[in-house]
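User: I have a model open and would like to go through it. Can you start with what is around the ligand?

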Amino acid sequence: MSEPRAHLLEMQDIDKSFFGVQVLHRMNFDLYPGEVHVLLGENGAGKSTLMKILSAAYTADGGQIRIDGKPVHFHNPAEARAAGISTIYQHFSQAVHLSVAENLFLGNPPLNRAGLINWKKLNAAARDALALVGSTLDPQTPVNRLGIGDRQMVEIAAALARQARILIMDEPTAALTEREVDHLFELIRSLKSQGVGIIYISHRLEELMRIGDRVTVLRDGYNVGTYPISETNEKMLVRLMIGRDLQQMDIPRMGEGLPEALRVENLTRRGKFEDVSFTLHKGEIISLTGLMGAGRTEVAQAIFGARPAHSGRIFVRGKQVAIHGPGDALRLGIGFLTEDRAMTGLGLSLNIRENMTLPYWADGSHLRLRSFLDLRAEGQLTSSMARDLNVRARSLGTQVKFLSGGNQQKVVLAKWLIAQSSILIADEPTLGIDVGAKEEVHRLLADFARMQGGAVLVISSDLPEVLRLSDRVLVMAHGRLVGELPRAEATEERIMGYAFQVER
Ligand SMILES: Nc1ncnc2c1ncn2[C@@H]1O[C@H](COP(=O)(O)OP(=O)(O)OP(=O)(O)O)[C@@H](O)[C@H]1O
Ligand SMILES: [Mg+2]
């Protein structure tokens, strides 16, 4: 008989309340060296809170934490980091105006004899750290120029450079495409073989089945079970998590001969994308997919006027339009659900209701609220939207910064659905959203197109989502449209075939 393995980490009877509401109840969680232990649960179940207690970003109200069998009491995140606990956050913690290299060694950059930053050393060390994640990014790039996927890679590289023993990954793959996920998983396997313990949070069940050794399911702040992954299946996990089976609805087919909603011709933003042309019809859902960095988000930003294109033409409902900024786009009835919700999608210190109705107040919006009656209607609308999307909060007056990641995403989505834009561009609409709510988001997008005559352009790296929602799939690679597949011909293999196309 072999010795029972020694724990790397034990968390016992952890309690936590916010403003008198208990969000963790006597939570137990443990981790062995070289193990991937998955945390699973609905949006707001308490996953991130438990991990923030481990990394000392929050203080628990009760319970113990032991590392290598010894009780620990960290007073701040720096102490936890020094003990080998590293977190890759759901919301990036980067200083976006600094370079990749500066972010990698934030707080302890290599210094020269005069005590100043040794830039040469810093950039070389940064290059080494990036190589650990297989990235060839220029270390001098400012982080705010990077897409969401590259930022993730930088965060992971930073944790590896700190030689973490316990690595917390809070939805690390939320915005990654298959190949990048494969790459990340290779990395995780090599970390495991070095004895690193990994706590992995994700809403993508198929991923957990691939990478996890054990899983702990949280529901409303309770641990409802810990199992070896090999003894579970997706259906069982969903039932533990949401307390029922998942109902998948059919998405109705699009009607024939519908009028044009949006047409772009030869849209170009030098260095980002070139010569992009496509048409989106009323009632239609099309997807723009491709690898990270293919230029999908940039195209969306150009249509919305956030970063206008250099050349090309845009037509809305058949008429050529000039979109110089988001105000123009809003007036034309174009809504944009951004991938980077914390930066551009939300007013963090506004409450849920205010966020949901933000576009109504936008300068020059055609949606201005006119009377007291509108305000009442607004109240009803926001309540029913919050109910449909299962937004977990004490009330609609709760400031958005206090919501869990997935619940914040639901608020951004509700905002655009309520705005009744006629054209909705949705960049990663279900990023960070749990399986139950994801189904609801798909239903709302489908209703918006089919029943309310809206038109939807979805940008998504989640191929099952792309296949489920789209009437047509457009694939981008290297800033160009390289393929178009009607619903009947779209498969993951075909999409990937286009996406990996080499530049000619
Ligand atoms: N700083 C805070 N102040 C007040 N309430 C908070 C705070 N942080 C979290 N909460 C609340 O605690 C609960 C658990 O949130 P947590 O972020 O841990 O959920 P989660 O499981 O990570 O969800 P998601 O899948 O959406 O990321 C939620 O109800 C959330 O609103
Ligand atoms: Mg979370």
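Predicted model: local features only at pLDDT ≥ 70, side-chain atom pairs only at ≥ 80, totals over all residues.

Analyst: Ligand 1 is surrounded by 19 residues, with Asn43, Ser48, Thr49, Ser404 and Gly406 the closest; a residue counts here if its C-beta atom, placed from the backbone, lies within 6 Å of the molecule. Helix 1 (47-54) and helix 15 are the elements that give two or more residues to this shell. Helices (H or I, at least four residues) and strands (E, at least two) are DSSP runs, numbered from the N terminus.

User: How many nonpolar, polar and charged residues does the shell around ligand 1 have?

Analyst: The shell has five nonpolar, 11 polar and three charged residues. Ala, Val, Leu, Ile, Met, Phe, Trp, Tyr, Cys and Pro count as nonpolar, Asp, Glu, Lys and Arg as charged, and the others, Gly among them, as polar.

User: Which domains does the shell draw on?

Analyst: Domain 1 (9-242) and domain 2 (260-499) each supply at least three residues to the shell. The bounds come from an automatic or database domain assignment.

User: Back to helix 15. Is it buried or exposed?

Analyst: Helix 15 is mostly covered, with 14 of its 14 residues buried. Buried means 20 or more other C-beta atoms within 10 Å of the residue's own, exposed means 12 or fewer, and partly exposed is in between, with C-beta atoms placed from the backbone.

User: What does helix 15 reach from end to end?

Analyst: Helix 15 covers residues 405-418 and reaches 20 Å from its first C-alpha to its last, close to the 20 Å expected. The expected span is 1.5 Å times one less than the number of residues. Just after helix 15, glutamine 420 takes a positive phi of about 50 degrees.

User: Where do glutamine 163 and glutamate 428 lie?

Analyst: Glutamine 163 is in the loop between helix 5 (148-161) and strand 7 (166-170), and its phi is near 55 degrees. Glutamate 428, in the loop between strand 17 (423-427) and helix 16 (435-450), has a positive phi of about 50 degrees.

User: Why does glutamine 163 count as exposed?

Analyst: Glutamine 163 counts as exposed because it has 10 C-beta neighbours inside 10 Å. Glutamate 428 is buried, with 24 other C-beta atoms within 10 Å.

Note on methods
Residues numbered from 1 in each chain as written. Chains lettered and ligands numbered in written order.
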